[in-house]
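Subject: Structure for your review

Dear colleague,

Please find below the structure that I am handing over to you. My findings follow directly after it.

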Amino acid sequence: MSVSLRPTLGAVPEGAAFRVSALTHGLGDREWEREWEREWDREWDREWAREWARRPVAEILRSTVPVASRPQWLRFGAHSDRCPAGPQPPTEGVFDMEILRDRVAVVTGGASGIGRAMARRFAAEGMHLVIADINAERLAESAAELRSTGREVTEVVLDVSRAEDIAMLADTAFDRYGDVAILCNNAGVTKRARSWELTLDDWTWVLGVDLWSVIHGVRTFVPRMLTQGAPAHIVNTASVTGLMPLIDMASYCSAKSGVVSLSECLAIELAEAGAEIGVSVLAPGFIDTNIGESGAHRPAVFAESAPANRPRSTTGLEATMTADDVAGVVLNAVQQNRFWILTHQQYRSSLVERAEGIGTDARPVSFRVV
Ligand SMILES: NC(=O)c1ccc[n+]([C@@H]2O[C@H](COP(=O)([O-])OP(=O)(O)OC[C@H]3O[C@@H](n4cnc5c(N)ncnc54)[C@H](O)[C@@H]3O)[C@@H](O)[C@H]2O)c1
């Protein structure tokens, strides 16, 4: 693999800059060193450059380049290819926790599972919370738990698929706090049936909750975040099935791949605009949550539902991470302004294989969870 990046970073020693760009392009440590040897042909104090190049990427970014003067690829593209496969303690990163303290995080789907865990994690970092969910009872439980940490908590009962509900959520957050530091577009549902058997109601419900909610979140929150005068970060929850097909989950996969595409476009556009708004796409593998009960709060208007041809089974599949583990990984990614958040590193080779098959004779292969 060849990397031809000769960034002009001013204050950043070129060895360090090269390493950051190599990681940004998904190269591991040995690979970047090989590229370094191959590519670097200038007269240059190699020892000094090497010393810098070995420092943690976050340290390079923090200590040498002020956020405002970072070039776009560095401000918004710096991430490590070593996604954590398990629980990770939060590390220091480019998004200093002091920027988050006493500011607000808005989390949809905050009553349960990953959303609740993210809210819990942000509260532990000294943030206030606005949590939103369709399940009023569980939302109240979640709020009570979060309040016990001493943080301010606002609950909003809503349906994320409705633009007017997301507008009301944004009004609630901005009216109370003036700005939003973190937005997690996270609420989601699943429906399992063959793609041709899914009813129009199934498709409308799943796309509404899983994709339109994120569209509403972006359209409603981003214009206000752009003018709030303080940095922010958006985490859109997709799924590894947004990157790889899963049999009997066509509506879910379609919605989640839409979330991935939307997030990629958003990240590029915000970078182009020079905005201090980071974007991450959370693409979890299997996490043990209440998502199997999605149908419980399906609005009556979407009554016509295909029979699930098989119940969701987790046979042979181990939930190697808890929702709390995921929340730690998310916080870490926000701090480091990392775009991709994969919870299960073991899926990465399949994702790469799929990407490399595009444009060849390769056939789609289902990512199987049963
Ligand atoms: N659990 C997994 O294995 C897994 C894997 C990949 C992605 N995800 C995604 O993670 C996100 C969180 O899911 P989870 O696993 O924590 O499940 P969960 O069911 O525990 O939490 C989802 C929350 O979303 C809420 N919700 C559903 N419909 C809503 C609506 N119309 N308006 C507002 N809130 C609504 C639910 O009431 C629930 O509290 C979802 O987007 C899901 O697709 C989960």
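This is a predicted model: local features need pLDDT of at least 70, side-chain atom pairs count only at pLDDT 80 or more; totals for chains, interfaces and linings use all residues.

Residues are numbered from 1 along each chain as its sequence is written.

H7 covers residues 113-124, and H12 covers residues 323-336. Helices (H or I, at least four residues) and strands (E, at least two) are DSSP runs, numbered from the N terminus. The two helices pack at an angle of about 55°, and their axes are 8 Å apart. Axes here are lines fitted to C-alpha atoms, for helices over the stretch in contact, and angles run from 0 to 180 degrees between N-to-C directions. The angle makes H7 oblique to H12; under 35 degrees would be roughly parallel, over 145 roughly antiparallel and 65 to 115 roughly perpendicular, with the rest oblique.

Residues are in contact if their C-beta atoms, placed from the backbone, lie within 7 Å. On the H7 side, the residues that meet H12 include Gly-113, Ile-114 and Ala-117; on the H12 side, Ala-323, Asp-324 and Val-326 are among them. By class, this contact of H7 with H12 has eight nonpolar, two polar and three charged residues. Nonpolar means Ala, Val, Leu, Ile, Met, Phe, Trp, Tyr, Cys and Pro, charged means Asp, Glu, Lys and Arg, and the others, Gly among them, are polar.

H7 also supplies the largest share of the shell around the ligand, namely three residues. In total, 29 residues surround the ligand, each with its C-beta atom, placed from the backbone, within 6 Å of it. The closest are Gly-109, Ser-112, Gly-113, Gly-188 and Thr-289. The shell divides into 12 nonpolar, 14 polar and three charged residues.

Asn-337 lies between H12 and strand E7 (340-342). Is Asn-337 buried or exposed? Asn-337 is buried, because 26 other C-beta atoms lie within 10 Å; buried requires 20 or more, exposed 12 or fewer, and partly exposed is in between, with C-beta atoms placed from the backbone. Asp-102, between helix H6 (97-100) and strand E1 (104-108), counts as exposed, with 12 C-beta neighbours inside 10 Å.

Yours sincerely

Key: Two residues are in contact if their C-beta atoms, placed from the backbone, lie within 7 Å.
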